[in-house]
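I opened this entry to keep track of what I looked up in the model. The notes follow the order in which I checked things.

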Amino acid sequence: MNSIEANIRGAAYLVRKQFRKMRFKTGLAIVLVITILALLSPIIAPFPEEGLGYIPENAVAKARLPPNPVNIFGTDTRGRDLFSRVLFGAGSALVEILIVVLTSLSIGIIIGVSAAYFKGVVEHVLNYLIELFVSVPAIIIALALRLAIGPGLYVVILGLITTWWSWYARITYIYARSIVEMDYVVLARLSGLNSLKIIYRHVLRNTIPPVLVQAVTDMGSVLLEATSINFIGLGVPLNSPEWGVIMLEGLPVITIAPWITMFPGIFLLITALGFSLIGDSLREELDPRMRRRWRLWF
Amino acid sequence: MSINYVVKRVFWCILIVFGIIVFSYLILIFSPGDPAVKWAGNPRGPYASMAIEKAREELGLNDPLYLQIARFVYNVFNGNIGDSIAYKQPVLPLIYSRLQSTLELLVIAYVIAVPLGIFLGIYSALRRGSRSDSLIQAVGTILANMPTFWVATGLFLVFSMSGISLYGRINTRLALSTGFHPITGFYLLDSLIQGNLLVFIDVLLRLLPPALAVAVYPLGVLIRLTRTLMAEALLEDFVRVPVAWGVRRDIIIWRYALKASIPGVIQISGLSFAYSLIDAMVVEYTVFGREGLGNLLYDALNYSDFRLAIGLITVVAVFYLVVNTLTDIIQALVDPRVRL
């Protein structure tokens with residue numbers, strides 16, 4: 001109980017300290033704004049149905065209008081309001097990010113810690129699996145999944161999880177391996193504590209912080225990779241509210257209507273930037289190589 | 001470093017490729033639907049049942065699973081995945097012929113990104129805390145988070161607005177009229193060998209925009225990484241001592257400080273080189289219409305060509321493993337601290 005309290009206080013201290021940094025504030029502001037936009041998109045969006053992909057009745061008349069007071073970002077090839085579509089895209093972007101990062105984080109941490117703690121055959125087998133999935137890119141896995149089970153958001157999510165967990169497992173393994181060798185873990189083992197308790201109390205607590213920071217930094221890259229899977233048309237079907245898909249639809253008419261590919265791209269860049277700003281300033285706090293003086297962070 | 005290490009590493013890589021092939025076969029078998037139908041490419045029409053029957057025989061779906069897997073892995077290791085449905089040719093030679101185009105793109109991208117990234121990183125490390133330093137670092141952060149395909153669409157737009165058509169790998173009419181023919185498959189190299197300057201310029205011009213788009217990510221990463229490593233190295237004792245001796249400033253920077261940061265740079269360049277292959281695949285066909293691995297990816301999708309997909313998985317994984325192994329070996333050669 002005591003140590004949990006200390007951990008929470010430590011984390012709160014870290015976050016408070018971060019607030020003095022411009023970069024952290026900017027990143028947090030960006031992420032908050034995108035989250036609010038995603039949550040409120042049915043209310044904010046001027047044309048909610050069009051944002052979800054329905055084609056309006058006067059589609060031909062409204063097709064490819066440049067940005068104007070009614071349609072702030074203009075309209076796409078099928079006459080839908082681009083602003084509404086991009087707003088709804090924020091929602092699917094956040095869903096992709098959260099599901100992929102949280103799932104692969106939990107799988108990765110469990111496998112990484114087990115590989116470091118249980119030595120021998122288990123370590124070798126798990127390391128083999130980690131190496132295996134590190135070496136296949138998510139897009140290619142997504143291609144196989146798409147051919148096997150058809151289009152949908154789960155192709156993107158499953159494809160990304162298949163590869164991302166191995167990165168977290170690898171990082172966790174590297175940190176946990178040095179912790180497992182430490183005296184207090186050896187003593188805990190000698191005193192007959194069971195393995196699960198040792199892993200939870202002594203190994204996991206000290207490995208999770210750096211891996212968590214890595215996960216925050218990665219959220220931007222997860223988003224970029226997910227969108228690029230959608231951009232080649234491997235993931236969600238056309239007309240879905242997803243930034244990659246909107247850009248794919250805008251590609252054939254890019255010389256006539258450049259705004260269709262431009263606006264989702266700007267949102268994509270800003271969101272990815274926000275996550276990476278937060279992650280960077282957190283990591284600077286953790287990584288002894290980035291600062292001169294090394295201090296434990298809790 | 002020893003031969004022992006290399007042999008071990010190669011053996012490990014073969015083991016991983018084995019695992020990847022098994023994994024992709026498991027996707028085929030355990031996904032909902034009939035694997036034979038998927039292997040035959042969802043055929044329709046009067047001869048569909050024959051095609052499915054042939055696919056069933058090819059995979060040996062009536063055998064137990066371990067036999068199927070063994071046969072499949074044996075076939076793939078022998079370079080025999082079968083004929084691609086989209087192209088009606090053997091899969092692996094097809095992929096090799098396209099790999100060269102993508103590799104050419106990647107190499108040009110890294111020829112742009114690596115020196116520029118290292119140079120900007122050193123520049124900003126030397127002026128730590130100044131306005132130009134924070135500007136360069138901000139640019140680096142933005143570049144590292146740019147969606148490659150978005151940059152590509154932007155570049156494509158700029159070039160097509162200015163009236164230059166950059167679609168495809170080569171101007172076919174120009175190539176035919178000047179008697180250009182591919183030898184190695186790397187068009188830049190081919191045109192140089194044949195002394196065909198016009199085609200060389202044409203190919204290079206068509207190569208530059210996609211290469212710039214692919215170069216954006218490694219450039220951003222290298223700017224930031226080199227700056228961190230250099231800033232760290234500049235405070236080390238092995239830099240302070242020559243400063244005290246009165247060694248010239250540029251010698252200190254280029255010979256003492258840079259030498260310490262090169263291994264890290266090599267490591268990250270190698271890692272991102274392998275990953276930029278994916279960026280290149282996304283960009284080259286969808287935006288610039290170049291025939292490369294991206295083209296195959298696209299056709300595998302449209303023809304539901306599972307054989308091509310498995311070929312791509314294998315080749316890309318092998319590429320990744322080879323690049324990583326080479327990076328490790330180069331790093332061990334450069335950095336005396338790394339013992340393999």
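**Chain A, fold.** I began with the order of elements: along the sequence, chain A reads α-α-α-α-α-α-α-α-α-α-α-α. The tally for chain A is 12 helices and zero strands. I then looked up burial, and 48% of the 298 residues of chain A count as buried. For contacts in chain A with a separation of 6 or more, I noted that 70% join residues 24 or more positions apart.

**Confidence.** This is a predicted model, and I looked up the scores before going further. The complex has an ipTM of 0.90 and a pTM of 0.90 from the predictor. For chain B the mean pLDDT is 89, with 99% of its residues at 70 or more. Within chain B, helix H5 (residues 91-126) has the highest confidence, at a mean of 93, and helix H8 (residues 172-177) has the lowest, at 84.

I checked the UniProt record next. Its unreviewed entry marks residues 12-30, 105-126, 138-159, 197-220, 265-288 and 308-334 of chain B as "transmembrane region". I compared two of these ranges with the model. Residues 12-30 of chain B are 100% helix and 0% strand, with the end C-alpha atoms 27 Å apart. Residues 265-288 of chain B are 92% helix and 0% strand, and there the end C-alpha atoms are 30 Å apart.

**Interface between the chains.** How many residues of chain B are in contact with chain A? I found 40 residues of chain B in contact with 37 residues of chain A. Several helices of chain B each supply at least two residues to this side, among them helix H1 (3-30), helix H6 (131-144), helix H12 (249-286) and helix H14 (306-334). H14(B) gives the most, with eight residues. The side of chain B that touches chain A has 28 nonpolar, 10 polar and two charged residues.

**Nonpolar core.** I then looked up the largest nonpolar core, which has 177 residues. The residues with the most contacts inside this core are A:Ala142, A:Leu143, A:Ala144, B:Ala309, B:Leu312 and B:Ile313. Helix H10 (residues 197-233) of chain B gives the most to the core, with 18 residues. Why does the core lie between domain 1 and domain 2 of chain B? Domain 1 (3-80) and domain 2 (92-334) of chain B both give residues to the core, so the core lies between them.

**One residue in detail.** I picked B:Ile313, one of the residues with the most contacts inside the core. Leaving aside neighbours within four places in sequence, B:Ile313 is in contact with A:Val136, A:Ile140 and A:Ala144 in chain A, and with B:Ile20 and B:Ser24 in chain B.

Terms used:
Residues are numbered from 1 along each chain as its sequence is written. Chains are lettered from A and ligands numbered from 1 in the order in which they are written. This is a predicted model: local features need pLDDT of at least 70, side-chain atom pairs count only at pLDDT 80 or more; totals for chains, interfaces and linings use all residues. pLDDT is the predictor's confidence in each residue, from 0 to 100. Helices (H or I, at least four residues) and strands (E, at least two) are DSSP runs, numbered from the N terminus. A residue is buried if 20 or more other C-beta atoms lie within 10 Å of its own, exposed if 12 or fewer, and partly exposed in between; C-beta atoms are placed from the backbone. Two residues are in contact if their C-beta atoms, placed from the backbone, lie within 7 Å. UniProt positions are given in the numbering used here, feature names are shortened, and annotations may be inferred rather than shown by experiment. A nonpolar core is a set of buried Ala, Val, Leu, Ile, Met, Phe, Trp, Tyr and Cys residues joined through C-beta atoms within 7 Å. Domain bounds come from an automatic or database domain assignment. Ala, Val, Leu, Ile, Met, Phe, Trp, Tyr, Cys and Pro count as nonpolar, Asp, Glu, Lys and Arg as charged, and the others, Gly among them, as polar.
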